[in-house]
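This report walks through selected features of a two-chain model. It takes local backbone features, then the sheet, the chain contact, the cores and a helix pair.

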Amino acid sequence: MLVRELELDLDAFEGPFDLLLTLVLKEELDLAEVDVAAIVLGFVERLAERDRLDLDACGEFLVLVAALLELKARGLFPEEDAELSELEPEEAAEELARRLAEYRRMKEAAGWLAERLHEERDRFFRLGPAPFAPRPEHRLAPQDSDVLAGALRALAVEPPSVSLNHMALRFPPVAQFLERFRAVLRRRARFDFDAEVDGLSRVEQAVAFLALLELRRANHVSISQAAPFAPIRVTRTEETAATNERTPAWNVRSA
Amino acid sequence: MERPLRLVVANPLDRLARTIEALLVVAAAPLSVDEIAAATEEEPERVETALGLVGDRYAEGRSGIVLEHVAGGWAFRASREATEACARLFERPVQRGLSQAALETLAIVAYFGPCTRPEIARIRGVAADSAVAGLVERGLIVESGRDDGVGGAVRYRTTPLFERVFGLDSLSALPRLDDLGDGIDDIRDRLVAVADQRTA
């Protein structure tokens with residue numbers, strides 16, 4: 001009798017034993033789903049069909065099933081490896097007994113439920129979703145219609161219109177800063193952006209920065225900064241110096 | 001001894017009893033006294049008295065419909081003498097074919113619920129996923145919150161349908177945990193004996 005050819009018919013698996021082992025080792029079958037007791041039962045039944053006890057088969061089977069059980073135990077309680085290995089044999093026995101007792105109780109409870117189900121087999125009743133009507137939470141007391149009308153009137157008054165003036169963004173046009181920076185650059189080859197916009201409002205500073213970017217895009221200036229948040233240095237490019245007289249103002253090309 | 005049926009129209013308690021009959025015929029699940037009291041706008045005490053009348057009227061051997069107290073409420077069921085006819089006509093998908101794994105899982109949820117799948121697997125030594133899914137599908141258990149912490153496992157508890165199917169008044173009608181587990185002491189003694197040998 002070949003253990004590896006033992007045909008199994010389990011919930012999780014159907015086929016020969018060696019295929020089960022292969023699938024488990026390849027992690028294509030979750031060992032936690034496999035009922036090892038059913039495998040043992042299958043083997044014992046097979047064994048009982050024969051006249052002579054096949055010791056070789058028994059030994060092989062024992063080794064395989066023991067390995068399978070160890071794998072399964074590790075899989076089921078991965079976090080307990082360390083915790084349990086530190087136990088003294090007496091403590092381990094106590095812990096195992098506690099768990100076995102717990103399972104024994106639940107197995108017996110399941111037996112009780114099965115019996116109960118059998119006893120109740122002749123009880124027929126109607127089943128279905130409970131179609132309860134939604135129950136109104138509160139019933140309103142009788143109301144005076146004049147009071148209700150008064151309350152509604154108070155709600156119906158048109159609210160005062162809200163001023164949106166503060167929402168409008170007021171800031172100078174970009175062109176104004178372009179002019180201003182060009183004027184500065186005509187006088188000086190470089191200037192400090194932060195010093196130039198010092199004292200302006202936040203919005204004005206932002207517009208000034210846009211103007212600066214415009215100048216950079218037109219390649220009229222180069223911009224440098226030593227470190228993040230350091231002062232921004234603006235330097236006139238040579239080309240600008242040369243063409244300054246010919247194109248004095250911001251034009252379409254740089255827009 | 002057959003008692004005469006009381007169907008006196010004028011008696012207000014009889015009227016209440018008839019209204020309760022009507023509610024129970026329409027209901028698909030057991031109705032609690034409070035639910036009946038709310039529907040009939042009566043005091044719970046009077047409802048209980050009227051339920052006594054209904055119970056007299058709908059008793060085994062007297063009626064094809066029987067009043068029973070189950071799953072914390074009152075419900076009608078078929079009389080047991082009609083079982084065979086019922087079984088020929090009706091299927092019972094909830095009860096049919098509950099496997100050993102399903103019954104063990106059900107027992108664990110009934111005693112320790114709300115509990116999670118890992119907790120069930122820990123007791124049974126086998127992953128509980130398919131058994132739990134099957135019981136949820138049958139309506140015998142439902143999700144009932146999650147374990148504490150981020151991504152906590154779903155907890156399960158038994159439903160009123162579980163109590164009804166197993167003919168239990170409530171979960172406290174289950175046998176006491178202490179009364180279960182014959183031979184546990186024997187197992188413990190044997191394990192301790194093995195441990196003693198190993199240390200010796």
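## Backbone exceptions

A:Phe229 counts as exposed, because it has 8 C-beta neighbours inside 10 Å. The model is predicted, and local features are reported only where pLDDT is at least 70. A:Phe229 sits in the loop between S4 and S5 of chain A. Its phi is near 75 degrees, a positive value in a residue other than glycine.

B:Ala71 lies in the loop between strand S1 (65-70) and strand S2 (73-78) of chain B. Is B:Ala71 buried or exposed? B:Ala71 is buried, because 24 other C-beta atoms lie within 10 Å; the cut-off for burial is 20 or more.

| Residue | Phi | C-beta neighbours inside 10 Å |
|---|---|---|
| A:Phe229 | near 75 degrees | 8 |

Most residues other than glycine have a negative phi, and most peptide bonds are trans. The peptide bond from B:Gly113 to B:Pro114 is cis, with omega near 0 degrees. B:Pro114 belongs to the loop between helix H5 (100-112) and strand S3 (115-116) of chain B.

## The sheet in chain A

Three strands of chain A make an open, antiparallel sheet, ordered S3-S5-S4. Strand S3 (190-192) and strand S4 (221-225) of chain A are the edges. Each has a single partner strand, so one side of each is left without a neighbour in the sheet. On average, neighbouring strands of this sheet are turned by 20 degrees against each other, direction ignored.

S3(A) and strand S5 (residues 232-236) of chain A run antiparallel and are joined by three bridges. Across this pair, A:Phe191 stands opposite A:Val234 in S5(A).

## Contact between the chains

How many residues does each chain bring to the contact? Chain B brings 41 residues and chain A brings 38 residues. On the side of chain B that touches chain A, the elements giving two or more residues are S2, helix H4 (83-89), H5, helix H6 (117-124) and helix H9 (184-199) of chain B. H9(B) gives the most, with nine residues. This side of chain B divides into 26 nonpolar, seven polar and eight charged residues.

## Nonpolar cores

The largest nonpolar core holds 33 residues; B:Leu106, B:Ala107 and B:Ile108 touch the most other members. Both chains supply it: helix H5 (89-119) of chain A, together with H5, H6, helix H7 (129-138) and helix H8 (160-165) of chain B, each give at least two residues. H5(B) has the largest share, eight residues.

Leaving aside residues up to four places away in sequence, B:Ile108 touches A:Met106, B:Cys115, B:Ile120 and B:Ile123. Another core, of 15 residues, lies apart from the largest one; among its members are B:Ala17, B:Ile20, B:Ala29 and B:Val47.

## A helix crossing in chain B

Helix H1 (residues 12-26) and helix H3 (residues 44-57) of chain B have axes that come within 8 Å and cross at roughly 75 degrees. H1(B) is therefore roughly perpendicular to H3(B).

From H1(B), B:Leu13, B:Asp14, B:Leu16, B:Ala17, B:Ile20 and B:Glu21 take part in the contact. They meet B:Arg46, B:Thr49, B:Ala50, B:Leu51, B:Leu53 and B:Val54 in H3(B). The residues of this contact divide into eight nonpolar, one polar and three charged.

Key:
Residues numbered from 1 in each chain as written. Chains lettered and ligands numbered in written order. Predicted model: local features only at pLDDT ≥ 70, side-chain atom pairs only at ≥ 80, totals over all residues. Pairing = 2+ DSSP bridges. Helix = DSSP H or I, 4+ residues; strand = E, 2+ residues; numbered from the N terminus. Axes fitted to C-alpha atoms, helices over the stretch in contact; angles between N-to-C directions. Buried ≥ 20, exposed ≤ 12 C-beta atoms within 10 Å, placed from the backbone. Contact = placed C-beta atoms within 7 Å. Nonpolar A, V, L, I, M, F, W, Y, C, P; charged D, E, K, R; others polar. Core = buried A, V, L, I, M, F, W, Y, C linked by C-beta atoms within 7 Å. Parallel < 35°, antiparallel > 145°, perpendicular 65-115°, else oblique.
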